2 protein chains.
Amino acid sequence: MTNEFFERHRDMLMKAVEMTASRGYWSPFKEVPSPKVYGETAQKDGEAAFKARLNKKFEIDQPGAEGFVGAERSPYGFDLGIEYPKMNLDKLLPAVEAAIPGWRKAGVEGRVGICLEILSRLNKRSFEIAFSVMQTSGQAFMMAFQAGGPHAQDRGLEAVTYAYMEMSRTPEHALWEKPQGRDKPSLRMDKTFHIIPRGVALVIGCATFPTWNTYPGLFASLATGNPVVVKPHPRAILPAAITVEIAREVLKEAGQDPNIVTLLADTLEAPVSKDVALRPEVKVIDYTGSTQFGDWLEDNARQAQVYTEKAGVNSVVIDSTDNIKGMSMNLAFTVSLYSGQMCTTPQNFFIPKDGIQAGDEHLSFDDVAAAIAKGVEKMTGDPEKAWHLLGGIQSPDTLKRIEDAKALGDVVLDSKALKIEAFPDAVIRTPMLIKTDSSKRDVWGEERFGPIYFLIATENTDESIRIVEDLVEEKGAITSGIYSTDEAVLDKMEDAVIKAGVALSCNLTGGVYVNQTAAFSDYHATGANPAANASLSDAAFVANRFRVVQSRRHALPEAAE
Amino acid sequence: MTNEFFERHRDMLMKAVEMTASRGYWSPFKEVPSPKVYGETAQKDGEAAFKARLNKKFEIDQPGAEGFVGAERSPYGFDLGIEYPKMNLDKLLPAVEAAIPGWRKAGVEGRVGICLEILSRLNKRSFEIAFSVMQTSGQAFMMAFQAGGPHAQDRGLEAVTYAYMEMSRTPEHALWEKPQGRDKPSLRMDKTFHIIPRGVALVIGCATFPTWNTYPGLFASLATGNPVVVKPHPRAILPAAITVEIAREVLKEAGQDPNIVTLLADTLEAPVSKDVALRPEVKVIDYTGSTQFGDWLEDNARQAQVYTEKAGVNSVVIDSTDNIKGMSMNLAFTVSLYSGQMCTTPQNFFIPKDGIQAGDEHLSFDDVAAAIAKGVEKMTGDPEKAWHLLGGIQSPDTLKRIEDAKALGDVVLDSKALKIEAFPDAVIRTPMLIKTDSSKRDVWGEERFGPIYFLIATENTDESIRIVEDLVEEKGAITSGIYSTDEAVLDKMEDAVIKAGVALSCNLTGGVYVNQTAAFSDYHATGANPAANASLSDAAFVANRFRVVQSRRHALPEAAE
């Protein structure tokens, strides 16, 4: 069964291996939610499946379930009413640990095959997962489908691909034969190499991207032999629960212990992350969320390999452009998309106080600010259209930050609450643009997660670049951007991001945005600045999740020829 | 110049890449100290070069040198009398950090080429290095030549090879082209990927293997773009100093800043390791030595990636054999070699209290003990022969441990002091075998570094295996061994080492020893138990020493066809 899955998906895997090296465009999971791709009734069926989950117990037959827990509320204004098994760690973790030997013995192709089959089934369930992502994260439907479905699956496949490449670079057996000079027989040793896992893995998810940020760690650990406990954010459990359900189904079919993937749900009032993270059985942790908790994990969960993606402050430098309209519309889309609730959205826009050259025109600082504001207004003017881009505000904390932000500078464009027909109680806000200057580091030097943006007047572009470099080194960042028509300026920015360790997008004016990355081509985070200690995905993300144990013995003498 | 070196050594590198995957026997650096390989006068010249170093200042023109330091004494009974530049860290580290941009810009092939040229020149200087290793570590000449010369160079090459493979898996440029459906032009992005280093790297060496344990970290960091500060053990500075001298010579020839490799010498009385390890510039640390200091580094040098090889307790299980003579002589050699001053030497021999089956014969516990003791006596009976195997005792601490060990159980074979003509003041000791039982964990449950061995009576082999598994998990180990004619017992042991995470050697009776490993085939340490958090060498050892920073911009439209 096990290797049947591997054979079934071998071509996809081999193509994925090839793409990690060429890094061109490739995606095996189609991002268009089209009936032609996913089936005529896929969307309706997916929505129905999602709705059938509401106001019920989500049963998962895993050991140590004692009662139920769950309190998710949709940013679109209703309670999900779903309860998940509440786990007793003293019963769950020994059962998960007991699954290790069998999972190791499944071998590289066995485990990889099962991971690929899980991904493939997740893909078929993309609509159901999309609705569950939408109604927990607040993402608009299209984004919930793409980022929560195929793009997350791509990132999961990418992690499996790196794990496969790293594990399969060591042979299972080798004959070592050392010549001993004339007349003496060679020394001959038979060697066996075993890939062994670290132990139990834990993935702690976030509320804004409950699948996209969970799949890389989940599949990297799983493929390398570590059974995984999935601990979703208490506000976005459902997408993870469906994922776990599908994974367990595939594991069972393959004759494996389903406890190789388990769900650990909790609430904001009674969080369990710290308890589980410090358990001695837990040897690998993947975490996405606040810097505070990420730092706590790195400092305290010392028994585990800890991979973190934390907060950062992303910036764009505006120096000059030959396409002010393209720039403004690109940035307006960037800041509107999911109301800035992405770890990749730029918060700071550094603009020379004396303005910029835009083609033949000179634009003042305020002209640039107005161009971006106009773009945002255009995109968010009609609530019934705008909410498909903005989505809802995921957390009450973000709402409060928007409210507080008004006092931080001159409001160029205020954030507005939008009402829509489909979800009358939805919490939807447009972006807020605030004008300030480079001296106000207390204003723009912190991450203010949500649709809060600063247009920051600097002395000149040199200062802008210097500030971005400093800020990345101090606070971390996942992305950066620059607009300039001057190659020398672009080079200076490139030197700065190389030094600070952050990815750069230059002069984006078309259908690619600084806050979007593509699996197999773009690395997500560098692991080289405080925003993240790992990158999605590269060899370093997988190579230390397993170890190699070898055994050797004298080989039988060579057969006489 | 730079790529000239890469081209010069390309074939060797490509063969090395191939061998990491097949893991058969291969060594580009010849281990036989033969005039045919190294030149008619190589040994004499090497010895003369070593002697010319004695009682002098070892000048290295590196920034921040203020005075001199050094107090090495040969275990063969004389002071080296060499003084090395004493470094002011506040001047040295900024100069090293300043070398980063240029070293990064040398590129993957540039850096790898320089590393390969350094290794190749080290190889040519193997005799000089051998004498310097011998007269600091106390290793006998043959071992000092092999382990300190070609085998260390092999391990250095192995690290460069993994670094090359990991760095070159990401292309320098990629074109990303995403179809946008009929009638729409594709989205096209040009992407550039930069390999960036972590920062300044530090390698803290040990006294027993001053090159072998230094080269993997040195070359892994160097190849990946991190300039390296080499901080040798105060008792074994000379081999590192010669290495640094050669590296700087090659760097200069290639037009690179020589401060990419620097020496930081100190004394036992005024150690500098803690100071330098906590410096913010230091982002990568490789360390070999005591568990206490290794743990301190892991807990405190949190600004750096820390790779440690610490202490462990290695064990051999004796269950049965069909070749008692082969087993005894193999183990006698193993325990005599360098008087057990290897992190790979087994300290504990677990033997059933009722004895073992050896071919047709049943041997009592004492028979087995006597067979090993007899082997050791045979090998160490003649001092003028024995010292070429035993070498000298590196540290006064080891001498004291031997003295104290007598009280730990029944002495089956006492340690003897040997006198030799060549070095009348040499400190040479034969192995001590002590009989004890499995209840005395306080006796055998700690590492007692040096020629101190325990023959431990257990209830049966099941208990022996269980104890080894426990001991590896608790105290760590680099190696393990078993003798058994029963495949079921071998399987049980294999399961135990897989669980505990330690390499296993089965039924060694010929010219391969449990404490020896071969580069490109055997992994040294697993990184899966407390003895080491890394393995020499694998992808995990190199992949996190660098990061990838990408930049992207719209590609020019496709040329019309």
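User: Domain bounds come from an automatic or database domain assignment. With that settled, into which domains is chain A divided?

Analyst: This is a predicted model. Chain A is divided into domain 1, made of 2-26 + 42-310 + 534-548, and domain 2, which covers 315-506.

User: What distance separates the centres of the two domains of chain A?

Analyst: Taken over C-alpha atoms, the centres of domain 1 of chain A and domain 2 of chain A are separated by 34 Å.

User: And how many residues does each domain put into the contact?

Analyst: Domain 1 of chain A supplies 15 residues and domain 2 of chain A supplies 18 residues. On the side of domain 1 of chain A that touches domain 2 of chain A, seven residues are nonpolar, five are polar and three are charged.

User: Switching to the core. Which residues touch the most other members of the largest nonpolar core?

Analyst: I285(A) and I285(B) do, in a core of 377 residues.

User: What does I285(A) touch?

Analyst: Leaving out residues up to four places away in sequence, I285(A) touches L202(A), I204(A), A277(A), L297(A), A301(A), A304(A), V306(A) and Y307(A). As background, nonpolar side chains tend to be buried together in soluble globular proteins.

User: Strand β10(A), residues 282-288, next: how many of its residues are buried?

Analyst: Seven of the seven residues of β10(A) are buried, so by the cut-off each has 20 or more other C-beta atoms within 10 Å of its own.

User: Which way do β10(A) and β7(A) run, parallel or antiparallel?

Analyst: Parallel, with five bridges joining β7(A), residues 200-204, to β10(A). One of the paired positions is I204(A), whose bridge partner in β10(A) is Y287(A). Strand β11(A), residues 305-309, also pairs with β10(A) in the parallel sense, over five bridges. There, I285(A) stands opposite V306(A).

User: OK, chain contacts now. How many residues of chain B are in contact with chain A?

Analyst: 52 residues of chain B are in contact with 52 residues of chain A. The elements of chain B giving two or more residues to that side include α1 (2-22), α20 (487-500) and β24 (546-554).

User: Which element gives the most to the chain B side?

Analyst: β24(B), with eight residues. By class, the chain B side that touches chain A holds 24 nonpolar, 16 polar and twelve charged residues.

User: What about β24 in chain A? Which strand of chain B is it joined to?

Analyst: Three bridges join β24(A), residues 546-554, to β23(B), and the two run parallel. In that pairing S551(A) stands opposite L504(B). Within chain A, β24(A) pairs in the antiparallel sense with β6(A), residues 187-197, over nine bridges. H194(A) has V549(A) of β24(A) as its bridge partner. β24(A) is mostly covered, with seven of its nine residues buried.

User: What is the strand order of the sheet with β24(A) and β23(B) in it?

Analyst: The order is β5(A)-β6(A)-β24(A)-β23(B)-β22(B)-β12(B)-β14(B)-β21(B)-β20(B)-β17(B), an open sheet of ten strands with mixed pairing.

User: Why is one side of each edge strand left without a neighbour in that sheet?

Analyst: The edges are β5 (173-178) of chain A and β17 (410-413) of chain B, and each has a single partner strand, so one side of each has no neighbour in the sheet. From one strand to the next, the twist averages 25°.

User: Which helix packs on this sheet?

Analyst: Helix α19(B), residues 461-475, packs on the sheet and touches β12 (315-318), β14, β21 and β22 (479-483) of chain B. The direction of α19(B) makes about 170° with that of β12(B). Of the strands touched, β14(B), residues 348-352, and β21(B), residues 452-458, pair in the parallel sense over five bridges. I351(B) stands opposite A457(B) in β21(B).

User: Last one, K105(B). Where is its place?

Analyst: K105(B) is in helix α5(B), residues 100-105.

User: Why does K105(B) count as partly exposed?

Analyst: Because K105(B) has 13 other C-beta atoms within 10 Å, and the partly exposed class lies between 12 or fewer for exposed and 20 or more for buried. The C-alpha atoms of K105(B) and G77(B) are separated by 47 Å, with the two residues 28 apart along the chain.

Methods: Residues numbered from 1 in each chain as written. Chains lettered and ligands numbered in written order. Predicted model: local features only at pLDDT ≥ 70, side-chain atom pairs only at ≥ 80, totals over all residues. Core = buried A, V, L, I, M, F, W, Y, C linked by C-beta atoms within 7 Å. Contact = placed C-beta atoms within 7 Å. Nonpolar A, V, L, I, M, F, W, Y, C, P; charged D, E, K, R; others polar. Helix = DSSP H or I, 4+ residues; strand = E, 2+ residues; numbered from the N terminus. Pairing = 2+ DSSP bridges. Axes fitted to C-alpha atoms, helices over the stretch in contact; angles between N-to-C directions.
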